[in-house]
Amino acid sequence: MKQILVTGATGNIGLEVVHYLNALNSDCEIIAAVRHVADAKQIFTDTVNLQFRQFDFENPETLSAAFHLVDVLFLLRPPQISEVDKFFRPLLVAAKANCIRNVVFLSVQGAEKSKVIPHNKIENLIQELEFNYIFVRSSYFMQNLTTTLLPEIVKDKRITLPSGKAKFNWIDVKNIGEATAYLIFNFAKYQNRSFEITGTENKNFAEVVKLMSEITGETISFQSINPISFYFKKRKEGMASGFAVVMTTLHFLPRFQKEPDISDHYQKLTGKKPTSIREFIAREKEKITASQQ
Ligand SMILES: NC(=O)c1ccc[n+]([C@@H]2O[C@H](COP(=O)([O-])OP(=O)(O)OC[C@H]3O[C@@H](n4cnc5c(N)ncnc54)[C@H](OP(=O)(O)O)[C@@H]3O)[C@@H](O)[C@H]2O)c1
């Protein structure tokens with residue numbers, strides 16, 4: 001039976017990849033590669049046909065056992081791990097040594113153009129090591145509104161970012177999980193290609209908070225601040241330095257870039273329309289208005 005190993009299985013993307021692999025699966029073994037097996041089993045109590053293997057990006061001793069007899073490796077970069085040579089090179093060398101040939105990597109839209117981001121280096125490494133690959137280049141997650149940006153939305157009814165009027169392309173993580181599962185199951189057909197997975201809307205934060213206010217009935221505002229103030233604000237709130245840098249650049253650099261491209265890969269792969277921002281906000285309304293309940 002074909003084995004598919006999913007890293008980051010307990011996170012935003014991994015949960016959806018596992019969900020859709022299960023929903024679409026006929027005869028593959030799906031394995032969640034997780035740091036804490038007992039904790040992960042609690043998260044997936046409703047998921048049938050899921051195996052677990054202990055796996056830690058930061059502990060090379062876990063790699064070989066996790067990679068044993070795997071046919072397709074779904075790889076992502078956890079947000080706190082940026083050192084490609086320190087963590088991803090040994091990981092991919094171990095994958096190769098364990099005869100893994102196929103890698104599906106969750107990357108970001110535009111990774112091929114930005115030499116400084118880790119995703120670009122990981123894509124290059126996967127090619128250098130001659131894996132068969134599929135790169136899933138995703139645009140900006142709608143779920144940022146219900147994860148990293150949520151505390152301020154709930155507490156202050158505000159989003160503060162250094163993004164000015166920059167437009168982001170908004171994609172539902174569920175759509176990425178579904179497209180990725182489809183690509184994994186049809187690996188041979190799509191191998192050695194990159195797929196931008198985007199939604200159909202480019203909107204700036206002022207436009208998004210307007211929609212949020214309309215749908216939730218709460219006045220949610222947007223404040224753009226300069227990147228240095230933003231970085232120190234995040235540090236003061238206790239955010240780790242590396243992540244604060246990522247948050248700052250992710251939201252500041254688009255001010256100097258052209259609007260994101262919109263791709264129809266999701267629609268072509270699944271035959272469905274991606275989630276609209278309006279649908280997402282309506283679906284997640286309870287989370288966004290949590291403080292008033
Ligand atoms: N946010 C965006 O708009 C956006 C857009 C495009 C691409 N991306 C990319 O998406 C990726 C993040 O995906 P995500 O949002 O799904 O991340 P996430 O929700 O933060 O999940 C991270 C996952 O990695 C696991 N993990 C962390 N450290 C680990 C370690 N040392 N060993 C094993 N597992 C470990 C976590 O497991 P535990 O349960 O053990 O913590 C969790 O399952 C990043 O590479 C980011 O650049 C993000």
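1. Helix 6 gives four residues to the lining of the second largest pocket, the largest share. Helices here are DSSP runs of H or I with at least four residues, strands are runs of E with at least two, and both are numbered from the N terminus. This is a predicted model, where local features need pLDDT of at least 70, side-chain atom pairs count only at pLDDT 80 or more, and totals for chains, interfaces and linings use all residues. Residues are numbered from 1 along each chain as its sequence is written, and side-chain values use heavy atoms, with hydrogens and water left out.

2. Staying with that pocket, its volume is about 240 Å³. Pro151, Glu152, Lys233, Lys234 and Glu237 are the closest to its centre among the 15 residues that line it. Two or more lining residues come from each of helix 6 (150–156), strand 8 (158–161) and helix 10 (227–236). By class, the lining has seven charged, five nonpolar and three polar residues. A pocket is an open set of points on a 1 Å grid over the protein atoms alone, where a 1.4 Å probe fits, with protein on both sides within 12 Å along at least five of seven lines; lining residues have an atom within 4 Å of a point. The volume is the space filled by probe spheres set on the points, which are joined across faces, edges and corners.

3. Now to the ligand. It is surrounded by 24 residues, and Thr10, Arg35, Asp56, Arg77 and His119 are the closest; a residue is near it if one of its heavy atoms lies within 4 Å. The shell has 10 nonpolar, 10 polar and four charged residues. For these classes, Ala, Val, Leu, Ile, Met, Phe, Trp, Tyr, Cys and Pro are nonpolar, Asp, Glu, Lys and Arg are charged, and the others, Gly among them, are polar.

4. Which backbone atoms are worth a look beside the ligand? A backbone N or O atom of Gly11 lies 3.0 Å from a ligand oxygen, and one of Ile13 lies 2.9 Å from a ligand oxygen. For Phe57, a backbone N or O atom is 3.0 Å from a nitrogen atom of the ligand. The protein buries 82% of the 940 Å² that the ligand exposes when taken alone, with areas from the Shrake-Rupley method and a 1.4 Å probe. Helix 1 (12–24), strand 5 (102–108) and strand 7 (140–141) each give two or more residues to the shell, and strand 5 has the largest share, three residues.

5. Most residues other than glycine have a negative phi. Asn49, in the loop between helix 2 (37–43) and strand 3 (50–54), has a positive phi near 55°. Asn49 counts as exposed, at 58% relative accessibility. Asn192 sits in the loop between helix 8 (187–190) and strand 10 (193–197), and its phi is also positive, near 65°. Asn192 is partly exposed at 37%; buried means under 20% relative accessible area, exposed over 50%, and partly exposed in between (1.4 Å probe, protein chains only).

6. Finally, two buried residues. Thr7, in strand 1 (residues 2–7), is buried at 0% relative accessibility, and its side chain reaches the backbone nitrogen of Leu76 at 3.1 Å. Glu178 belongs to helix 7 (residues 173–185) and is buried at 8%. The side chains of Glu178 and Tyr266 are joined by a polar contact of 2.6 Å. A polar contact is a pair of N or O atoms within 3.5 Å; within protein, one must be able to donate a hydrogen and the other to accept it, and residues adjacent in sequence count only if both atoms are side-chain atoms.
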